[in-house]
Structures are given as structure tokens and as C-alpha cells.
Amino acid sequence: MKVLGMTGSYRRNGNSDILLKEALMGAEKAGAEVEIIRLTDYQIQACQGFGLCLFRAEGCHIEDGVKEIWTKIGESDAVLLSVPCYFLESTAILKQLLDRGWVLAHRGTFRGKYASVLVPYATRGWIPYAMLQPNIFFGILGFHVIHRAAFNVQGLGEAVHDEPGIEKAHRIGGELVQAVRDQDPTYRSEPGICPICQDWNIRILQDRKAVECPTCGVRGSLTIENGEIDVSFDPKALAEYRFDREVGYNHFTYHIKPSKDYFLRTREERKERVKKYKSYLA
Ligand SMILES: Cc1cc2nc3c(=O)[nH]c(=O)nc-3n(C[C@H](O)[C@H](O)[C@H](O)COP(=O)(O)O)c2cc1C
């Protein structure tokens with residue numbers, strides 16, 4: 001069994017590295033072969049929004065380091081992602097990579113693989129979106145996420161002082177291997193408010209009659225009992241969360257695919273209308 005460690009921090013031997021390496025040691029102890037890559041060592045170009053990549057056998061046409069990252073993920077049974085919180089969310093390199101995952105998400109290339117997420121952060125209350133990009137990344141790619149853990153560590157390399165944190169990271173690595181071995185996708189970290197992505201972000205819908213988990217697109221209603229806020233999600237809505245395989249298929253078939261016909265049908269008219277913008281500030 002192979003576990004791939006991916007770090008989303010530029011800082012060598014920083015907190016993401018330390019926690020990730022400790023988790024990989026746990027995975028290795030549990031019997032896995034391990035490898036580590038730094039996303040910042042790869043050239044990851046922005047998605048060019050080509051769109052037609054979805055319809056072509058060769059997929060994305062951009063030649064850069066991303067193909068090698070996908071190959072490494074493809075050769076692994078599980079991924080341990082360690083990505084620090086920078087300005088309330090993940091470092092930008094993860095978003096850059098995730099945008100490039102469209103073809104693989106659509107094809108379900110990695111669906112059913114396993115992952116866990118480690119997030120070092122410095123300031124309590126400054127991590128509201130830190131799990132958002134990891135959740136979208138593993139959500140679109142169809143991974144089972146076993147752990148999502150945040151670690152409160154500030155200065156360069158200070159994670160080494162956080163003994164409970166180190167012990168936790170080690171355990172997370174071992175449990176990821178066990179989950180793959182048992183083919184058991186049960187979530188093992190602290191639960192969040194959304195039973196799918198386990199995050200705490202809830203959005204109030206404009207009609208003010210319902211709330212939703214913005215990541216999973218699942219609606220529910222807000223309840224307050226004995227001063228305690230809760231959200232009750234409709235089980236049918238939970239089954240149809242944004243990254244579910246069938247929902248993804250329907251999104252492609254009824255939303256993206258028909259847009260191609262419209263795009264081709266209106267091409268000539270668009271050429272005319274766009275002239276004004278092409279010549280302006282050219
Ligand atoms: C540009 C920048 C922005 C940051 N923003 C946040 C933040 O919004 N919330 C937070 O808790 N920590 C923030 N931090 C602190 C890091 O998350 C923290 O130091 C982490 O341990 C760094 O991990 P690393 O050593 O792997 O890079 C920020 C750090 C930097 C450099």
C-alpha cells in the first residue's frame with residue numbers, strides 16, 4: 001500500500017512539513033510505503049478554462065508539473081495533505097492545483113481513494129475557510145476523507161513542541177492506512193455541523209427559510225433548542241450532495257454538455273458583438 005504526502009507550504013521543515021512527516025511515519029509504521037512531495041516544487045499553471053478538455057480523450061493540454069502530481073496520486077492508495085492556513089484559508093497553490101483537476105473529477109479517475117488533511121494555523125478564530133479547499137479538492141476527486149485536523153502552531157517549526165499534536169498526526173497517518181486496509185470510509189475526526197464535509201460554515205439562503213452547507217450544497221433548517229444552534233439536514237438532500245457521482249453526472253449532462261451547443265450556435269453573432277471589447281484598450 002502506498003501513501004503520498006503532499007505539502008502545500010513553501011516553508012521547508014515548517015509546521016506543515018513536520019506534521020506531515022510525523023503522519024507519514026505513522027503510516028509507515030502501519031505498513032505503508034510512503035513518499036512526500038511539495039506542491040511548490042512543481043510548476044502548476046492556472047487552468048486556462050478551455051472546457052473542451054472534458055470532451056477530448058487526451059484531457060488537459062497544458063504541459064507542466066501537474067501531470068506528474070496526478071501520476072503520483074494515481075499510483076497511491078491514499079493521500080495525506082498538509083496545508084497551512086494563510087489568510088483564513090488554504091495557500092493558493094492548492095486552489096491552483098484543484099482547478100486543474102476538472103477532467104479527472106469528471107472522469108472519476110481517483111474516485112474511492114482515501115485521504116486525510118492536516119492544517120497548521122497560528123491564531124484561534126482565523127481559520128474559518130481552512131478546510132474549504134481541501135474539502136473541494138478531495139470532494140471533486142471523490143476521495144473518502146478519514147481525518148481533518150487543525151493544529152494551533154505559529155512560528156517556523158514550532159510544531160515540534162506540540163507533543164499532543166505530534167502524537168495526533170502520527171495516529172492520523174496510521175488510521176489512514178487502516179482505513180484503506182479495511183476499505184472503511186468512516187470519518188474519525190471531530191464531527192462538524194455538515195455530516196458530509198464536517199465543516200462548520202453555514203450559509204443563510206436569501207429567502208431566509210433555509211440554510212445550506214455552501215461546500216456540499218446541502219440544504220437544511222436551523223433549529224435552536226435550549227439556546228443551542230443546530231442544523232437538521234434533509235436525508236434526501238444529503239444523498240444528493242454536490243460531489244456525489246450521480247449529481248456530478250447530471251451536472252455535466254444537463255448543464256455543461258448542452259452549453260456546448262449554445263456556444264457553437266451563437267459563435268458568429270458573438271464574433272460581431274465582441275469586436276467592441278477587442279478593440280477597446282487593446
Ligand atoms: C501570509 C500568511 C498568512 C497567514 N494567515 C493566517 C491566518 O489567516 N490564520 C491563521 O491562523 N494563521 C495564519 N498564518 C500562520 C500560519 O498558518 C502558521 O504559521 C502555520 O503554522 C504555518 O505553517 P508552515 O510553517 O507549514 O508554513 C499565516 C501565515 C502567513 C505567512
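Reply: Gladly! Let's start where two helices meet: Leu19, Glu22, Ala23, Leu24, Met25, Gly26, Ala27 and Lys29 of helix 1 touch Gly165, Ile166, Ala169, His170, Arg171, Ile172, Gly173, Gly174, Leu176 and Val177 of helix 6. This is a predicted model, where local features need pLDDT of at least 70 and side-chain atom pairs pLDDT 80 or more, while totals for chains, interfaces and linings use all residues. Residues are numbered from 1 along each chain as its sequence is written.

Me: What makes two residues count as being in contact?

Reply: Their C-beta atoms, placed from the backbone, must lie within 7 Å. The residues in the contact of helix 1 with helix 6 divide into ten nonpolar, five polar and three charged. Here Ala, Val, Leu, Ile, Met, Phe, Trp, Tyr, Cys and Pro count as nonpolar, Asp, Glu, Lys and Arg as charged, and the others, Gly among them, as polar.

Me: Why are helix 1 and helix 6 called oblique to each other?

Reply: The angle between them is about 45 degrees, and their axes are 7 Å apart. Angles under 35 degrees count as roughly parallel, over 145 as roughly antiparallel, 65 to 115 as roughly perpendicular and the rest as oblique. Helix 1 and helix 6 are therefore oblique. Helix 1 also passes helix 6 in a right-handed crossing, meaning that the near helix is turned clockwise from the far one by less than a right angle.

Me: How do you know that strand 3 and strand 6 pair?

Reply: Pairing asks for at least two bridges found by DSSP. Five bridges join strand 3 (residues 78–82) to strand 6 (residues 114–121), and these strands run parallel.

Me: What makes strand 2 and strand 7 edge strands?

Reply: The open sheet has five strands in the order 2-1-3-6-7, with parallel pairing. Strand 2 (33–38) and strand 7 (144–152) each pair on one side only.

Me: Which residues lie closest to the ligand?

Reply: Ser9, Gly14, Ser16, Tyr121 and Trp126 are the closest of the 19 residues that surround the ligand. A residue is counted if its C-beta atom, placed from the backbone, lies within 6 Å. Helix 1 (15–29), strand 4 (85–86) and strand 6 each give two or more residues to this shell.

Me: How many residues lie between strand 10 and strand 11 in their hairpin?

Reply: Two, and asparagine 226 in the turn has a positive phi of about 50 degrees.

Technical notes
Helices (H or I, at least four residues) and strands (E, at least two) are DSSP runs, numbered from the N terminus. Axes are lines fitted to C-alpha atoms, for helices over the stretch in contact, and angles run from 0 to 180 degrees between N-to-C directions.
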